[in-house]
Amino acid sequence: MNEHEPQTNSFKKMSNFFAGNNFTRLDFYILHRFMQKLLFILIATSLCTARAAPADNLTATTNRPIISTFELGEPVKLILRGNSPDNQLEVEIVDEFDHRIKQFPLLLQRKTDGSVDQTIELPATRLGFYRIKLRRPDGKPAIPALGSRPAGEITYAVVPIIATRKLYPIDQTFFGMHGSGSTYVAAIPYLGIRHTVARRFWDGFEPDYPGQFKVARERARAAGRTYPDDSQYGVGAAFLDQGQRREWQVYPLPSLFRTPNWKESPIKVGLDGSRFTPLTPDGEKYFAKYCYEIALAYRKDYPHLDKRYYQVTWEPHYPWGFTGNIRQLVKIYEVAYPAIHRADPKAMVIGPCFAGNGTESIQMLEDTFAAGIGQYIDGVSHHPYTRFPPESGNPIGITRKIREMIHNHTGKDMPLLGTEQGYQTIRLNCELDKAKGDIRMALIQLGENWQCHHSFYIYDYLGEPGYGYYYTLDPKQGWHPTGISPKAGVPAFAAMTALLEGHHPVVRIDFLGDGILGYAYAGEHGVVIAIWNHGEMKREVDIPVGVAEVDVRDWMGNSRRQKTTNGYLRLQLSGEPTYLVDVSKDIWGLQAEKLIVAGDKPIQATPGEKLEVAVELRNPRSVAIDGKLRLSALSGFASFPIELPVKLASSSTHTVNFELLVSKNTQPGSYQLTLVLDDLQGGISMGALNFRVSAPISLSRIETDFSGRIPGVRGLIGNVQNQPLKGSVSLRIAGIPGTRANQPVTLAPNSEKTINFLFPNAEFDPRRKYQCELTVTTADGYVLKTEQMLNFSTIPFFADQPSFSGDLEDWRKQSPGVKIGGKEAIREPLNLTVQNPDDVSGVMYAGWDADALYLAFDVTDDIFLQPHADWNLWNGDAIQIGLNLDPYKVEENTGNAFADLQNRRRRQELTMALSPQGEMIFRHLSFNPEKFPHTIIPPSEMRLKVTRKATGDGMIYEARLPWCSLGLKGTQEAGNAIGLSVCICDRDDLKRPLHAVGIFGGIKNGKDPNDYGVFYLQKN
């Protein structure tokens, strides 16, 4: 008999009971006994289940759960609460490099009700970042993800003691950060933040009618309330110093302009729904009054400030940041400037606050100066976002360029203020790289003498995930979280501010070899050097510090004493900055004696040349100097150091002459050699010799070459000598077999010729860029090497115009198609995880004729979502295209606005989409906004057809882009080249980040036309 049969029979009896009245007393008895058994089984099962598998809701926090940030010396504890099905967890504590600090098994302690209640002491004897990994016996996370913090982890940071930080005047204070909410106020003393951003946007304080701010302020003050209330920006923040509450003072920066939309007023200041629009005549009058009242209030609320900064506009990029043109933008400053200064004699009006160090932003900045903004600002604010690593984005050169631009247009210098900059983890796919980039960019800006630096952002938030220095512990990842948890950047930022606030730059250290960068900063108590290696490999350097022993700090602020050798310190440098505290003021300080006088102009040299170099030494001291002059060696320039004895009588001057042999294989460029004057105790002064090396030959215009249909490379080689040149040129394309080639070359004096290499059997992927290495070797042994990234891509001639039928058959007959997707694709975000990496993909078909460029896209995408019908088209399903008609042109900013405009690369960025209002092309970027404005492009100018696939899994885009609409005068010819970059934008959910996949860069992950691919127009 089956063991389940009695139970089955009992259920049959129960069914009979409910089915009708035909039952007996025995039936009642059987039913009663069955119900008793069933109830007993249910209760027992419930109890057994509760004992075997208790609820799994374990939580882990530190003893400062809101921010998990501690001062050095404070106890740090791990607190476990809730229920866990496990009796033991594995605990591992690691640092920012994932190096293990401690690991141990943890036996869970429970209360009488079975829940966990346990507190554990954690290591906290060193400054820095700590990550606790909690794992169950099967290796799975013991706690769930919370907000943006990963599952199975909690973090904490140990930072310098807050009470040791000094408050400096605003002009001596550099470090700031963006953020808002109570957790921000709690965190900023630990980070050492003084500069914050206080929003004073016009539409926020006068949303209903003009003059509303003054009325609201008077009412609030009459009621004893503060208005505006800046507490969310750190004003009034406090910390505990030995149990006593102390205020933490900050310097808020108000930003003013954002257009209100007064629906009930006859005065219409802007366009409905827009927050950044040009001023109407009535708007000018009311904005001037608003600026006056804001400045008057700010002056009264912050009377202790020596200067009060006012940032008028915020990222006024067309069209998302400002819907007007450059002249209308300058008009806003013309209105605001006198009104603010009339109300506040200590006002510093700053702007225009463009975002990014890319070509487009710097061009717009120059345009505003050409339009006269220099008359209406006291300082230039800018958001110097740049690619990672920050050094690769040339922030030093960009700073120099901005200063030259300002001086060319105004004849004077202005302070530069960095009012927003940061890196996004989701783009870098590495939290450690974010921390390195954030810290190094701040050090560069301080070293390049920017007035302030506002890092972005205090914590993660959903709209732009990964910018935070802290994880957010808000499950919704919204604004004002009630808890945050530090990332590695928190203690690194805190150490930097503790060491360098109140310091000013003395000298840039860029003469210790490739990849090494640093600065010396002087403060009231001494000189601090920050130095790092932004190259790929660790580097060892010797740096003169002029003392017998130096305080070396790691990037978290931990100190070690290190002895020097004759005043030189040997360091191994990596991507994390190292700080050297209290180095010799005589060598590195602002008031250092300039005992070495080297010429300001670079010494001109050629490879292999023997130079006669003179250096003047001065001794203003009352005692003689008996020592030596050291000239450092520099790899690739001079292969050996020079050391000369020096005897200088008191109050004397002496010229030292020496010979320097320039290395035979020195590559063209600028070089700097360090000079150090030693006495018996070590270094006492430092100087530098600058060299400019010119090659006897030149190699330029290295481009992809298509002779007929055969891919190749061409370059222009020149002989700049007054004698004939003989030698050879070799070429190699990395990763492509059969591309090593060599050919002899002979050049007459001061002549040039084009060299060509063709590769009929090589196979190139048209979506990739390849490293091309060219080497010229002359008969006398000089070697000139150069590298260039090249792609081998063509666009075929279309003898027949496509029919725009929606099936792409006529496109495929004339164009081979280029796949967009797979491992070669450019993606944004870089670390986006999707179930299917090719959730969106496509094929591009391209063609050309004399009058137009033709582009079509066969997009595979399972969900179509495009809710926009304006400049925001890129933020839904769409195609973005970057085009540059001058891929080899080099742009310059000369200060002559007309000449610079003519010299710009004819570059545009277009977005194509099927909007709710139909097919649409929007021009987002333009080399000439006056002639080719940022706007929706009418069908009469550019043709677009978008068709949904019958299969329902994607879209077909077909476009005709006339060359004249892209900036070409006349017709296009075979052999010409254009820059082209493409990405498919994919949005499946309005609550999740946009996903983009493309070929080449320059659209996503930084707007840079240099990243576009170069496509050659080819005739069959």
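In the hairpin of strands E42 and E43, which has four residues between the strands, Gly781 takes a positive phi near 100°. The structure is a predicted model, in which local features need pLDDT of at least 70 and side-chain atom pairs count only at pLDDT 80 or more, while totals for chains, interfaces and linings use all residues. Residues are numbered from 1 along each chain as its sequence is written, and side-chain values use heavy atoms, with hydrogens and water left out.

A word on terms: helices (H or I, at least four residues) and strands (E, at least two) are DSSP runs, numbered from the N terminus. Two strands pair if DSSP finds at least two bridges between them.

Val776 stands opposite Leu784 in E43.

E37 and E38 (residues 710-719) run antiparallel, with nine bridges between them. Ser700 has Leu716 in E38 as its bridge partner. In a regular strand, side chains alternate between the two faces of the sheet.

A further open sheet is formed by three strands in the order E1-E3-E6, and the pairing is antiparallel. Which strands stand at the edges of this sheet? They are E1 (59-62) and E6 (116-122); each has a single partner strand, so one side of each is left without a neighbour in the sheet. In this sheet the twist from one strand to the next averages 20°. Seven bridges join E3 (residues 76-82) to E6, and these strands run antiparallel. Leu78 has Ile120 in E6 as its bridge partner.

I turn now to a helix pair. The axes of helix H6 (residues 281-301) and helix H7 (residues 326-343) come within 8 Å and cross at roughly 35°. The crossing of H6 past H7 is right-handed; a crossing is right-handed if the near helix is turned clockwise from the far one by less than a right angle, and left-handed if anticlockwise. Contact, meaning heavy atoms within 4.5 Å, involves residues of H6 including Phe287, Cys291, Tyr292 and Leu296. From H7, the residues in contact include Ile332, Val335, Ala339 and Ile340. How do the residues of this contact divide? There are 12 nonpolar, no polar and four charged. In this scheme Ala, Val, Leu, Ile, Met, Phe, Trp, Tyr, Cys and Pro count as nonpolar, Asp, Glu, Lys and Arg as charged, and the others, Gly among them, as polar.

A cavity is a set of points, on a 1 Å grid over the protein atoms alone, where a 1.4 Å probe fits but cannot get out; lining residues have an atom within 4 Å of a point. Grid points are joined across faces, edges and corners, and a volume is the space filled by probe spheres set on the points. By this rule there are seven cavities of 30 Å³ or more.

The largest cavity holds about 80 Å³ of space. Among the residues that line it are His195, Tyr251, Tyr298, Cys452 and His454. Strands E13 (251-255) and E18 (452-455) are the elements that give two or more residues to this lining, and E13 gives the most, with three. The lining of the largest cavity divides into eight nonpolar, two polar and no charged residues.

The second largest cavity has about 60 Å³. Of its 15 lining residues, the closest to its centre are Ile826, Val982, Cys983, Phe1000 and Lys1004. Strand E56 contributes the largest share of this lining, four residues. The division here is eight nonpolar, four polar and three charged.

Finally, the backbone. The peptide bond from Gly351 to Pro352 is cis, with omega near -5°, and Pro352 is found in strand E15 (residues 347-355). Another cis peptide bond joins Phe388 and Pro389, with omega about -5°. Pro389 lies in the loop between strand E16 (379-383) and helix H9 (395-410). Glu315, a residue other than glycine, has a positive phi near 45°, and Glu315 is found in the loop between strand E14 (308-311) and H7.

How values were computed
Axes are lines fitted to C-alpha atoms, for helices over the stretch in contact, and angles run from 0 to 180 degrees between N-to-C directions. On a 1 Å grid over the protein atoms alone, a cavity is a set of points where a 1.4 Å probe fits but cannot get out, and a pocket is an open set with protein on both sides within 12 Å along at least five of seven lines; lining residues have an atom within 4 Å of a point.
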